[in-house]
Amino acid sequence: MTTPTPHTGDAFWVFGYGSLMWNPGFTALAAEPAVLAGYHRSFCIYSTHYRGTPERPGLVLGLAPGGECPGVAFRVAGEQAPLVRDYLRERELCGYAYVEATLPVRLRDGQAVTAYTFVADPAHRQYAGDLGVEASAAIIMEAVGRNGLNRDYLINTVRELEAHGVVEPPLHALLEEVWRRTGEVEAGQGI
């Protein structure tokens, strides 16, 4: 599949909505709050690498159809586009249920740009769909992968969104359930 290069002038834009927001892994000329219409952020993908294992998968974020998703748009120098795209393909397409996409996002100043991102693939075996707060929290509480605790991924996402003035009730409800379960674990035998 050939993906068109998303350019605005000489810039390549990348839209981050999960760990890319706080850990892009590439150099950007700018990082600006942005909103993607037509998709929402959802813990809908099983992670067997970064935040879980094949034996105990975690959950990570994907873009699911409907609504809108606040995130961060990274402006990358045009000449760096091939390197950044290759890096992101290696990072995001390592067995996960993502599909590359170039989609319009709206920057804070109202400017519309086309950004490279990854949307959830419901046909993929690692697509979890909407599991609900309790089932998602149970998975997130138990999962650990190459990049650490699954719950840290949730915490970092919520903190990054709050730093941009975004409060997302579904993520806060999930975080509250994880904290409740953490308290129950600490009251028992510990973590």
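## Aromatic pairs

Seven aromatic pairs turn up in a search of the whole structure. The model is a predicted one. A pair of aromatic rings is described by the distance of the centres and the angle of the planes.

Take Phe12 and Tyr116. Their ring centres are 5.8 Å apart. Their planes meet at 40 degrees, so this pair is tilted; the edge-to-face class needs over 60 degrees, and the stacked class under 30. Phe12 belongs to strand 2 (residues 11-16). Tyr116 belongs to strand 6 (residues 112-120). The pair therefore ties together parts that lie 104 residues apart in sequence. Phe12 is buried, and Tyr116 is buried too.

## A second pair on strand 6

Tyr98 pairs with Phe118. Here the geometry is edge-to-face, with 6.4 Å from centre to centre and 65 degrees between the planes. Tyr98 sits in strand 5 (residues 98-107), while Phe118 sits in strand 6. Because the partners lie in these two strands, the pair ties together parts 20 residues apart in sequence. Both Tyr98 and Phe118 are buried.

## One cluster and a charge

How do the two pairs relate? Phe12, Tyr98, Tyr116 and Phe118 form one aromatic cluster. Strand 6 supplies Tyr116 and also Phe118. Strand 2 supplies Phe12, and strand 5 supplies Tyr98.

Which residue lies over the face of Tyr116? Arg85 does, at 6.0 Å from the ring centre. Tyr116 thus has a ring partner in Phe12 and Arg85 over its face.

## Ser136 in helix 3

Ser136 is placed in helix 3 (residues 133-142). Is Ser136 buried or exposed? Its relative accessible area is 6%. Buried means under 20%, so Ser136 counts as buried.

## Glu177 in helix 5

Glu177 lies in helix 5 (residues 169-187). Its relative accessibility is 11%, so Glu177 also falls under the 20% limit and is buried.

What does the side chain of Glu177 make a polar contact with? The partner is the side chain of Arg181, at 2.9 Å. Residues up to four places away in sequence are left out of the next list. On that count, Glu177 touches Val133, Glu134 and Ala137.

Methods:
Residues numbered from 1 in each chain as written. Predicted model: local features only at pLDDT ≥ 70, side-chain atom pairs only at ≥ 80, totals over all residues. Heavy atoms only, no water. Phe/Tyr/Trp six-rings, centres within 6.5 Å; stacked < 30°, edge-to-face > 60°. Helix = DSSP H or I, 4+ residues; strand = E, 2+ residues; numbered from the N terminus. Buried < 20%, exposed > 50% of the residue type's maximum accessible area, 1.4 Å probe, protein only. Lys NZ or Arg CZ within 6 Å of the ring centre and 35° of its normal. Polar contact = N/O pair within 3.5 Å; in protein donor to acceptor, adjacent residues only side chain to side chain. Contact = heavy atoms within 4.5 Å.
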